[in-house]
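Student: I am new to this structure and would like to go through it in questions and answers. Please show it first.

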Amino acid sequence: MFELLPLMLERVGLLIILAFLLSRLKSFRQMIHNEHGKKEKAILILIFGIFGVISNYTGIQIEKGFINAQVWQVNVELEGALANTRVMGVAIGGLLGGPIVGLGVGLIAGLHRLTLGGFTAVACGVSTIIAGIITGLLGKKLGIKKSLSYKRAVVIGIVMEVFQMAFILLVAKPFSSAVHLVEIIAIPMIVMNGFGTLMFMLIIKTMVSEEERTQALQTHKALHIAQLTLPHFRKGLNEESCQKVAEIIYDETKADAISITDNDKVLAHIGAGGDHHSQKQNILTKLTKKVLEQGRIITAKNRIEIGCNRADCPLQAAIVLPLNAHHQTVGSLKMYFTNSARLTTVEQELAEGLSKLFSTQLELAEAELQRKLLKDAEIKALHAQVHPHFLFNSLNTISSLVRIDADKARNLLIQLSTFFRSNIHGARQMLVPLSKELEHVEAYLSIEQARFPDKYLICMDIDPALKEVLIPPFTLQPLVENAIHHAFVRTKKGNVIVRVFLEEEQMVVITEDNGIGISPEHVGNLGNTAVHSPKGTGTALRNIKQRIEELYGDEASFEVVSQVGRGTKIIIRLPLKQSKWSEEDVKSLYSG
């Protein structure tokens, strides 16, 4: 009996090695990890059936109490029997695959055992089939596949082996030979099959754990990259945002080069091959064009498949992913490698996850842009409406001047025309040069000073170098209007200072008055919410602040500083570049 233990251990060791090699196959991992369809069940039946057949062939023949340690058993003597690990493969197949897999594996292993012969052939064959059915039912009922409880699996494996011993005693003839056989093989087979089941289940459990950890790490990495790239993709698919995104992906992955395109040209390229896969260049590779046409992920394992027309191109492998928005391919993300061996399954899965996340980000970016455009249109529409009182008062002032000072009346008509033109022009544009905004202010001031001569003193201190910098329309004029209408009491002459200058790569716009100031409880709300007061609601300030935030985000600021009795200062800081959404972005959105 004890002589059989080391021989059985050898056979179990062989199956464990095969199980380990099998666990390295991606297809097997996916079958174990996912739900089983007909195809998967058929494959599992074949795999574990082969385990059963190998167990039969590598069994140890017992004949009249003697052990035959022949390596490969193809024929068992009439009075002989086999000590093997057949039940182990059948039990594990049933536990993992369910009743159908258990039955299938049991039939393969059991029928094969019948063909080898021996006085226990029928007992072993039938008991193997029954064991497959029982373990399949138990696996489904106990949820062994989901829980991967190796303890339960070991107990079931041991019970199935005990059942086989009992079945041999019940069916095999002569009974005395069956008893003698069981005395020799029972303990070694029960112990080794239990041990083999334990090791096999531990391998499966480790494999599944590795798969889950890998997926978790890949998900974490993809989400981390998505989080880093989100602020840039929110700006849309343009050269500036794609350059930042490409740099992030290049730093966070093992790719030798990262490239992002729209449907026509390369928007960004970082890494190897940058001498000819350069920004703003038309798309060179056939692979990218194919992805843009078909809208699916394509992998290339050599330079020919990439389709670059440069013979000295160092890029030898690539995975190209479509970037989709609203069910349309709007661009591509490419991960290049100088060695095809570096394009691993891990990198492919990461790339697939990024493709989905980036496509979602682009859709959100377009939705956000449309929301901003709608909000911007609403605000512009409000500004485009000339207050009836201002229009009537202006016309009355001009009418009264026609009789006494025709030249001044003509000049005011020109200024009123300029004011209207600025309103209309500003309502159509997202950004205008500072010089145009100053014309708007000057036109407004000319009319107001004609109505109330010597009541206001306006001081303009503008850096000439900044006059062509683009700013949102209706930024300065409402601030000056607010100061004139709300800052001063009738008995006090007002001073309004408008300053525009450069400071730390930002354009600073300041309007300051020496008026009555704003109470502390209202200052914090200005620019954020409507303020209900006899002097106004603060809607103009809120609109200006909202438009600045929408266009520039955190790169700009809006600040109100005020003291009761000493005046109010409004400080706006804008970056020295166009807003996040350029005019090209807007045109491309509407044309798309």
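Tutor: Helices (H or I, at least four residues) and strands (E, at least two) are DSSP runs, numbered from the N terminus. The model is predicted.

Student: Between which strand and which helix does Phe474 lie?

Tutor: Phe474 has a phi near 60°, a positive value in a residue other than glycine. Its place is in a loop, with strand S11 (470-471) on one side and helix H17 (476-486) on the other. The elements asked for are S11 and H17.

Student: Which loop holds Pro174?

Tutor: The peptide bond from Lys173 to Pro174 is cis, and its omega is near 0°. Helix H8 covers 150-171 and helix H9 covers 175-233. Pro174 is in the loop between H8 and H9.

Student: Are H4 and H5 roughly parallel or roughly antiparallel?

Tutor: Helix H4 (residues 86-97) packs with helix H5 (residues 99-116) at an angle of about 160°, and their axes are 6 Å apart. Angles over 145 degrees count as roughly antiparallel. Therefore H4 and H5 are roughly antiparallel.

Student: How many nonpolar, polar and charged residues are in the contact of H4 with H5?

Tutor: On the H4 side the residues are Arg86, Gly89, Val90, Gly93, Gly94 and Gly97. They meet Pro99, Val101, Gly102, Val105, Gly106, Ala109 and Arg113 in H5. Gly counts as polar in this scheme. By class, the contact of H4 with H5 has five nonpolar, six polar and two charged residues.

Student: Which handedness does the crossing of H4 and H8 have, and how are the two helices described by angle?

Tutor: The axes of H4 and H8 cross at roughly 130° and come within 10 Å. The crossing of H4 and H8 is right-handed. By their angle, H4 and H8 are therefore oblique to each other.

Student: Which residues of H8 make the contact with H4?

Tutor: From H4, the contact uses Arg86, Val87 and Leu95. By class, the contact of H4 with H8 has five nonpolar, two polar and two charged residues. The residues on the H8 side are Ala153, Ile156, Gly157, Met160, Glu161 and Gln164.

Student: What volume does the second largest cavity have?

Tutor: The count comes to two cavities of 30 Å³ or more. Lining the second largest cavity are Val266, His277, Gln281, Asn282, Ile283, Leu284, Thr285, Thr288 and Lys334. By class, that lining has three nonpolar, five polar and one charged residues. The space in the second largest cavity is about 30 Å³.

Definitions and conventions:
Residues are numbered from 1 along each chain as its sequence is written. This is a predicted model: local features need pLDDT of at least 70, side-chain atom pairs count only at pLDDT 80 or more; totals for chains, interfaces and linings use all residues. Side-chain values use heavy atoms; hydrogens and water are left out. Axes are lines fitted to C-alpha atoms, for helices over the stretch in contact, and angles run from 0 to 180 degrees between N-to-C directions. Angles under 35 degrees count as roughly parallel, over 145 as roughly antiparallel, 65 to 115 as roughly perpendicular and the rest as oblique. Contact means heavy atoms within 4.5 Å. On a 1 Å grid over the protein atoms alone, a cavity is a set of points where a 1.4 Å probe fits but cannot get out, and a pocket is an open set with protein on both sides within 12 Å along at least five of seven lines; lining residues have an atom within 4 Å of a point. Grid points are joined across faces, edges and corners, and a volume is the space filled by probe spheres set on the points. A crossing is left-handed if the near helix is turned anticlockwise from the far one by less than a right angle, and right-handed if clockwise.
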